[in-house]
Amino acid sequence: MERRKFIKTNAKAMATLPILNCYPKLITGLMDDNIHKLNIGTFKCTIYKDLMFKYEAKDYFANAETNELDDYLNQYKISPANIPSPYISMLLQDGERNILVDSGIGFSETPINFKGKEFVLKGQLSNLLKKDGVDKTKITDVILTHFHPDHIGGVYTGNGELNYPNATFHFHQKEWDFWHSSKSDHQPPLFKFFVEKNITPLKNINLLKEDFQTICPGIKSVNGTGHTEGQIGLIIGDKNEQLLYISDAFLHPIHIEKIDWQTSFDLDHSKAKKTRLKFLDLAYSNNMKINAFHFNFPGIGYVEKHKQIWKWNYEK
């Protein structure tokens, strides 16, 4: 691929990843409050902040009218060029099962070379697990909600070793099929590189096929197509207390109020909107807490509905 064509094809992909040397100004670093603990039903739940990153309004709210968008950005006290966003991972512990949800962006000691470009990944999940006394060999299950780099980049180490060698990896059949077929040919080559490095070599996998499919006791997958072909959300907990892990169905609380505002990262905007409404109705009707991957850490809250307007509230 010619250098100019490569840069044009991968510019947006690179601008969405923690790539040092290439785009150092995009890195915002880690904050101190990077571990959050709570209980969900019978699960001991820990949310880890893998990395802090920033995005731009033109990508988060691609079809928003300028004046209305400005009002919302002012309301949330954020700049169009600097929308802070964490990358997270969740650990669920119940008896002998240690279940990791999403693997972060990954960490590499030395630069990774891709098409003549070098970048360094600085995700902190492995360090946080060690700090928290978690043995990665004791992780029994890894659930990957979709195959974008900030969710799968930490499956393997920078040296190509499996970070969770004794785990079963769970993800949706449609996500696997999409990225391993010609349907993904139009996706950024850098994204495909992450899939080839972190997903394709996996052997111990469980392909999910149904909506509301039980992955293990206390965890069900919920189909959430739109952001990607096979994205899933998760219902976690028991009849007394449940949490809905929404992955990237929403990237910011503004998307909850403005359901029609599109992101440039969604594969299919129409399907993404249907998933947003599905997840909101599910959480609201069943009095579920929500965990949102890209909201202010730790991303725990709930939704309210006033007439036809949805509203996000962070848990106090």
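This report covers model confidence, a sheet, one threonine and a pocket.

## The model and its confidence

This is a predicted model, in which local features need pLDDT of at least 70 and side-chain atom pairs count only at pLDDT 80 or more, while totals for chains, interfaces and linings use all residues. Residues are numbered from 1 along each chain as its sequence is written, and side-chain values use heavy atoms, with hydrogens and water left out.

The mean pLDDT of the protein is 91 (pLDDT is the predictor's confidence in each residue, from 0 to 100). 90% of the residues reach 70 or more. Among the elements, helix α1 (residues 3–15) has the lowest mean, 45. Strand β7 (residues 141–143) has the highest, 99. Helices (H or I, at least four residues) and strands (E, at least two) are DSSP runs, numbered from the N terminus. Residues 1–9 stay under 50. Where pLDDT is low, the predicted coordinates should not be read in detail.

β10 and β11 (residues 219–223) run antiparallel, joined by 3 bridges. Glutamine 213 has serine 221 as its bridge partner in β11. The hairpin of β10 and β11 has 2 residues between the strands, and glycine 218 there takes a positive phi near 90°. Further along, 2 bridges join the antiparallel strands β14 (residues 289–291) and β15 (residues 300–306). Isoleucine 290 stands opposite glycine 301 in β15.

## Threonine 168

Threonine 168 lies in strand β8 (residues 168–172). Its side chain makes a polar contact of 3.2 Å with the side chain of asparagine 204. A polar contact is a pair of N or O atoms within 3.5 Å; within protein, one must be able to donate a hydrogen and the other to accept it, and residues adjacent in sequence count only if both atoms are side-chain atoms.

Leaving out residues up to four places away in sequence, threonine 168 touches Thr140, Asp141, Val142, Asn204, Ile205 and Asn206 (contact means heavy atoms within 4.5 Å).

## The largest pocket

The largest pocket is lined by 21 residues. Phe107, Ser108, Glu109, Thr157 and Gly158 lie nearest its centre. Helix α4 (residues 125–131) gives the most to the lining, with 3 residues. On a 1 Å grid over the protein atoms alone, a pocket is an open set of points where a 1.4 Å probe fits, with protein on both sides within 12 Å along at least five of seven lines; lining residues have an atom within 4 Å of a point.

Technical notes
Pairing = 2+ DSSP bridges.
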